[in-house]
Amino acid sequence: MRTVFISGSTGNLGKAIVKRFLNAGDKVYGTLLPEESLPEGMFNELFVPVTVDLNKEASTELAINNILSKQGSIDIAVLTAGGYAMGDIASTSSQNLIDQFNLNVATTYHAVRPLFAHMLSKGKGRIFMIGSRPGLDMHQSDGLVAYGLTKSLIFRLAELMNVEAKGKDVVTSVIVPSVIDTPQNRASSPNADFSKWVKAEDIAEQIYYHASEKADPLGETVIKIYGDS
């Protein structure tokens, strides 16, 4: 049984990832916001909710250390917490940038720093962070300035982590989904062809595969999951 840490576990993508690892018999620690309660259907003897504000670095590190004191090890981390904002350069203030940085980068960094240190100390681990097409290619960021800029830092962070982990079996990968088929996205784009969007369950399956020994030869990866879009 592996121990898996998943941030944003109650989101559409987070829930799909939690379910995939639980179905495999892994123990999953999933984060909830302080104001959240565990959604119906997520009760499972192998799932442990972790209430933490990921914007608070000290609280996040304490929560992860508490898990380590109980489990002794975290084998896999999947960091899905983040958010989206629209706006071109003219309409994007520096505060908009800061807000998106806090949502997409700080929440990831606060969790990944202690997780990465732990995995380096034991010499093994798999980390997955969520990037985006606008973050990977600035041509896709037209009208998404703050989102694209901050998401681009996730790729740079992964590169730095893989440099630091060279020679150890600790690999950081970035998942790059296209539009995910969620109720919220359907409501915001009712005329879109939903069949071209990628399912959260398909992303979860790819993460599960890349966290397995079958994917060990791949090393550091940028995993593009675009569906037909």
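Partly exposed here means a relative accessible area between the limits for buried (under 20%) and exposed (over 50%), taken with a 1.4 Å probe on protein chains only. The model is predicted, with pLDDT of at least 70 needed for local features and 80 or more for side-chain atom pairs, while totals for chains, interfaces and linings use all residues. Residues are numbered from 1 along each chain as its sequence is written, and side-chain values use heavy atoms, leaving out hydrogens and water.

View A. Asp169 has a relative accessible area of 29% and is partly exposed. Its partner in a salt bridge is Lys124, at 2.9 Å from N to O; the term asks for a side-chain nitrogen of Lys or Arg within 4 Å of a carboxyl oxygen of Asp or Glu. Lys124 is partly exposed too, at 41%. Because Lys124 sits in strand β5 and Asp169 in strand β6, the pair ties together parts that are 45 residues apart in sequence. Helices (H or I, at least four residues) and strands (E, at least two) are DSSP runs, numbered from the N terminus.

**View B. Arg20 and Glu205 link two helices.** The closest N and O atoms of this salt bridge are 2.7 Å apart. Arg20 belongs to helix α1 and Glu205 to helix α7, so the pair ties together parts that are 185 residues apart in sequence. Arg20 is partly exposed at 22% relative accessibility, and Glu205 is partly exposed at 36%.

**View C. Arg156 and Glu159 pair within helix α5.** These two residues are 3 apart in the helix, about one turn, and their side chains form a salt bridge at 2.8 Å, N to O. Elsewhere, Glu57, Glu61 and Arg113 are linked in a network of salt bridges. The count for the model comes to 8 salt bridges.

**View D. The largest pocket holds about 1,300 Å³ of space.** On a 1 Å grid over the protein atoms alone, a pocket is an open set of points with protein on both sides within 12 Å along at least five of seven lines, whereas a cavity is a set where a 1.4 Å probe fits but cannot get out; lining residues have an atom within 4 Å of a point. Grid points are joined across faces, edges and corners, and a volume is the space filled by probe spheres set on the points. Of the 43 lining residues, Gly83, Tyr84, Tyr147, Ile180 and Asn185 lie nearest the centre of the largest pocket. Elements giving two or more residues to this lining include α1 (12–23), β2 (27–32) and α3 (94–122).

**View E. The second largest pocket has a volume of about 220 Å³.** Its lining has 13 residues, with Lys15, Ala16, Lys19, Gly41 and Met42 nearest the centre. Helix α1 gives the most to this lining, with 7 residues.

**View F. The largest cavity has a volume of about 70 Å³.** Among the residues that line this cavity are Arg126, Val171, His210 and Asp216.

**View G. The largest nonpolar core has 30 residues.** Such a core is a set of buried Ala, Val, Leu, Ile, Met, Phe, Trp, Tyr and Cys residues joined through side-chain atoms within 4.5 Å. Phe5, Ile74, Leu115, Ile127 and Met129 have the most contacts inside this core, where contact means heavy atoms within 4.5 Å. Helix α3 gives the most to the core, with 6 residues.
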